[in-house]
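Hi everyone, thanks for making time. Have a look at the chain on the screen, and I'll talk you through it.

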Amino acid sequence: MMAYESASKPTFYFIGVTTGKSSIMKVFPRWAEHLGLGDVAMRGVDFIPHDTPERYREMAAFLKSDPLSLGALVTTHKLDLYEACRDQFDEIDLLATMMAETSCLSKRDGKLICHAKDPISSGLSLDGFLPDNHFANTGAEVFSMGAGGSTIALTWHLMQASRGTNRPSRIVVSNRSQPRLDHIRSIHDALDSDIPVEYVLAPTADENDAILATMKPGSLIINATGLGKDAPGSPLSHAAQFPDKGIVWELNYRGDLVFLDQANAQSQERSLQVEDGWTYFIHGWTQVIAEVFNVAIPTSGPGFDEIAAIAAKATGRA
């Protein structure tokens, strides 16, 4: 059993795997000052991936009962924490119910509220770097490695009928274990989309390489596995060949980022557009901070640019 110390001032939690290494530890105090949040603290709480339900439930119970603990951002454990703690939440928002995951826990009037912010933050990030009408103009496909919360959110965003013809012609999701593939398939089935989706059990890099070789030119290729951040390596081997004019998205922004290196090594030869997870990091955090602290944070324009610049300066990325 973990011992949680009551917060002595308003405190925001980061539930992850290696939280102490995250740039947010440097960025949050500067954002808090910029947003006028007052004297607030951030605490990281590390769990191993797929930790025991009891440990997740201890955290949720503490968060709910401790007066000055305001809420949390959840990464890596979005599906597991939701499954373990669903009955502890007083309210669950519509997206969290649909996705069966939580990336944000907030409190209002003593109630612990579960939110899924990833569909919003991943959508803002994707639409920020995709060329206008990319899928409509190219007929490109999507291959996302990893079937966790991030892939659920971003494929949900891309499959929305409101996007009209600007949707992938095919989506392929791979994962090292079958249960996650079954879960994402159930969510996609509920969407009743006409986009063909393939769910491929791919425990090795060679199997992902084989899928990659089938993707059309211009396709969006995503590392949503956590490899390169939570664990070393890449879901692809060094023999993998990205599609010509592909858009390659590494969801991580820190770590050894082997996948990003693999894409950059081919970027000139194959005319790739290569993106890391920095803007996703900013949208992901600001969406949760806005919810937990009940403040308005812009998602584009000069206000968002200033938020991004503060983060870049705090981390030496500027």
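**A quick tour of the chain**

Let's start with charge: the chain has 27 positive and 39 negative charges, and their mean positions sit 3 Å apart. Here Lys and Arg count as positive, Asp and Glu as negative, with His and the chain ends not counted; each charge is placed at NZ of Lys, CZ of Arg, CG of Asp or CD of Glu.

Now, a word on what you're seeing. This is a predicted model, where local features need pLDDT of at least 70 and side-chain atom pairs count only at pLDDT 80 or more, while totals for chains, interfaces and linings use all residues. Residues are numbered from 1 along each chain as its sequence is written, and side-chain values use heavy atoms, leaving out hydrogens and water.

So what's the secondary structure? We get 12 helices and 12 strands, which are DSSP runs numbered from the N terminus (helices H or I, at least four residues; strands E, at least two). The C-alpha trace spans about 55 × 40 × 35 Å along its principal axes.

How much of the chain is buried? That's 55% of the 318 residues, where buried means under 20% relative accessible area, exposed over 50%, and partly exposed in between (1.4 Å probe, protein chains only).

Let's zoom in on one residue. Gln88 sits in the loop between α3 (78-85) and β4 (91-92). At 14% relative accessibility, Gln88 counts as buried. Setting aside neighbours within four places in sequence, Gln88 is in contact with Arg57, Ala60, Ala61, Lys64 and Leu112, contact meaning heavy atoms within 4.5 Å.
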